[in-house]
Amino acid sequence: MVVLYHQNNRVTKISTPTNEIISGDTYKSIASGMMTFAQQFPKSKIVWCHEKLQGAINFEGINTLFHHDKLMLSFTFDENGYLGKKIGFVEESPFINVNKKVSYPTWLMSSDVGVIHASVLNLVEGKIKLDAHFDYYLNSVAKVCMFLGLLCYSEPQLLLKNIGCATSKKANVYELFRFVKQHYKNRWTVLLLLNLLVFEKRFPLLPFIYAQFFKSRKQTDLSLDSIAVQSTLRKVEHKTIDVVIPTIGRKKYLYDVLQDLSKQTHLPVHVIIVEQNPNPESSSELDFLTSQAWPFNIKHTFTHQAGACHARNLALRQVESEWVFLADDDIGFDTLFFSNTLCKIEQFGIEVITTSCLQLNESQRYTITNQSGIFGSGNSLVKTSCLTTIRFDTALEFGYGEDIDFGLQLRNQGFDILYLPEIRIVHLKAPMGGFRIKVKQVWDDEIIPPKPSPTVMYVFLKYYTREQLLCYKLVSFLKLIKKVSVFNYIDFLKFFNKKWDSSLYWANRIKEKNENKY
């Protein structure tokens with residue numbers, strides 16, 4: 001590997017794969033030095049490290065952590081990082097509020113310490129400017145390339161010990177606006193300005209104008225497909241799979257799912273079905289579970305307690321295999337579904353995957369394997385060992401947000417979620433079963449209805465930053481006010497804030513109730 005040591009935004013020395021130590025005085029910037037050595041050693045890992053941290057870098061661990069070439073890792077103990085918390089005013093994704101204790105998916109990179117493969121740098125040469133400020137360049141590369149399939153992480157194991165943060169310079173407001181202009185749609189610079197005005201009583205007009213002179217760095221002709229991926233990690237050993245299916249009133253659709261499972265070239269070991277019917281006098285309608293022979297063991301639980309979160313948690317307690325497929329009762333997939341999925345898991349060395357899940361005749365928008373901001377509770381395969389302390393939050397039962405919450409639990413335990421667009425599931429979108437009921441929430445009788453849904457607000461309060469929450473509030477307001485007469489703006493604003501406050505109140509009630517359970 002090539003190691004570039006730096007200080008004060010300049011390369012101080014370079015260690016080459018032959019252990020030759022070279023002075024770094026000749027390079028205009030750290031980024032240009034990285035690019036020079038990426039060209040000289042196109043098959044090497046390129047490591048950067050601040051001079052103050054050279055005694056703490058985990059060189060032995062890098063080879064294990066960097067388990068294939070399409071990775072970018074970095075770490076800083078600084079909680080806010082180079083761009084700071086204000087970047088949350090323009091991004092609602094789960095990649096902003098980074099958990100520093102675990103390997104966490106994020107494009108927020110740091111110049112303190114990190115590693116990338118030379119092949120990635122060589123592909124972005126000429127596409128992404130070699131900025132004089134190294135932190136800006138690193139964040140730019142990660143932000144552009146993460147969407148293109150570069151897997152980016154905050155990785156605490158890059159350092160052997162905590163000896164503090166090496167970097168002190170933060171992006172100023174000019175650099176923040178410039179970054180937003182170059183990496184987001186144009187309207188987000190306007191929204192950043194509005195967020196700062198509304199929530200921080202600041203009006204940085206000059207930085208806003210300054211940013212408009214910079215071109216977008218979004219690349220339409222950049223591809224990382226030429227970089228082969230084959231992880232050195234061994235995530236699949238036994239290849240055993242259990243399937244979890246909650247069902248309620250969809251007998252015919254469930255039967256079709258079981259038929260698809262029975263035709264798999266790689267059969268599951270157990271299919272765990274939790275059938276719900278809230279009618280206390282009812283019994284199971286799934287006679288085909290016992291009247292027909294199946295090439296796997298079926299574990300069937302019948303319960304009068306309705307709710308997908310409760311049902312999935314019941315099923316997860318019964319999982320025995322190495323992997324668990326979280327499925328819905330109205331999906332379809334081909335015979336190679338499990339075989340192909342396990343191959344991809346082995347290729348990328350990942351522990352959680354979410355597949356494409358589209359309705360019939362729905363076109364697929366995203367075609368690149370990348371780190372997903374979503375998690376699908378009906379189309380995901382998870383290594384069972386990841387779920388030791390993770391369950392569906394029953395506080396979200398009959399509401400919204402349980403998928404988001406489950407995915408964020410996984411990420412905060414150090415398990416990334418990879419989206420595989422080429423592994424496809426058809427979502428048949430079955431009509432609601434005959435005995436499904438609409439559950440009345442405690443806030444349904446409120447004179448002023450909470451908006452957004454208190455369950456969505458509850459998830460935001462659990463996982464997102466203050467800036468992300470406020471951004472969501474402003475965007476929601478702007479979407480709704482377009483439908484309001486200009487003469488009613490004041491009344492609408494008052495009513496909007498009352499609904500928001502009501503949502504906050506009920507979200508905190510949900511939080512308190514959930515905490516009291518434990």
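Reply: Start at I46. Setting aside neighbours within four places in sequence, I46 is in contact with V2, L4, M34, F37, A38, G114, V115, I116, A118 and L121. Keep in mind that this is a predicted model.

I46 belongs to the largest nonpolar core, which has 61 residues. I46 is among the residues with the most contacts inside that core, along with M72, I87, W107, I116 and Y137. Note I116: this residue is also on the contact list of I46. Helix α4, residues 134-146, gives the most to this core, with nine residues.

Now the charges. Side chains of opposite charge can pair when their charged atoms come close. A search of the whole structure finds 22 salt bridges. Three of them are worth a visit.

Take D131 and R178. Their side chains meet in a salt bridge, at 2.7 Å from N to O. D131 sits in the loop between α3 (118-124) and α4, while R178 is in helix α5, residues 173-183. The two are 47 residues apart, and the pair links distant parts of the chain.

Next, K235 and E351. Their closest N and O atoms are 3.3 Å apart in a salt bridge. K235 lies in the loop between α7 (205-211) and β9 (241-247), and E351 in the loop between α11 (337-348) and β14 (352-358), so the pair ties together parts 116 residues apart in sequence. K235 is buried, with a relative accessible area of 18%. E351 is buried as well, at 17%. The cut-off for buried is under 20%.

Then D287 and K251. This salt bridge brings the closest N and O atoms to 2.7 Å. D287 is in the loop between β10 (270-276) and α9 (288-291). K251 is in helix α8, residues 251-262. They are 36 residues apart, and again the pair links distant parts of the chain. Here the accessibility reads otherwise: D287 is partly exposed, with a relative accessible area of 43%. K251 is partly exposed at 32%.

Finally, look at a group. K86, E200, R202, R466 and E467 are linked in a network of salt bridges.

Definitions and conventions. Residues are numbered from 1 along each chain as its sequence is written. This is a predicted model: local features need pLDDT of at least 70, side-chain atom pairs count only at pLDDT 80 or more; totals for chains, interfaces and linings use all residues. Side-chain values use heavy atoms; hydrogens and water are left out. A nonpolar core is a set of buried Ala, Val, Leu, Ile, Met, Phe, Trp, Tyr and Cys residues joined through side-chain atoms within 4.5 Å. Buried means under 20% relative accessible area, exposed over 50%, partly exposed in between (1.4 Å probe, protein chains only). Helices (H or I, at least four residues) and strands (E, at least two) are DSSP runs, numbered from the N terminus. Contact means heavy atoms within 4.5 Å. A salt bridge is a side-chain nitrogen of Lys or Arg within 4 Å of a carboxyl oxygen of Asp or Glu.
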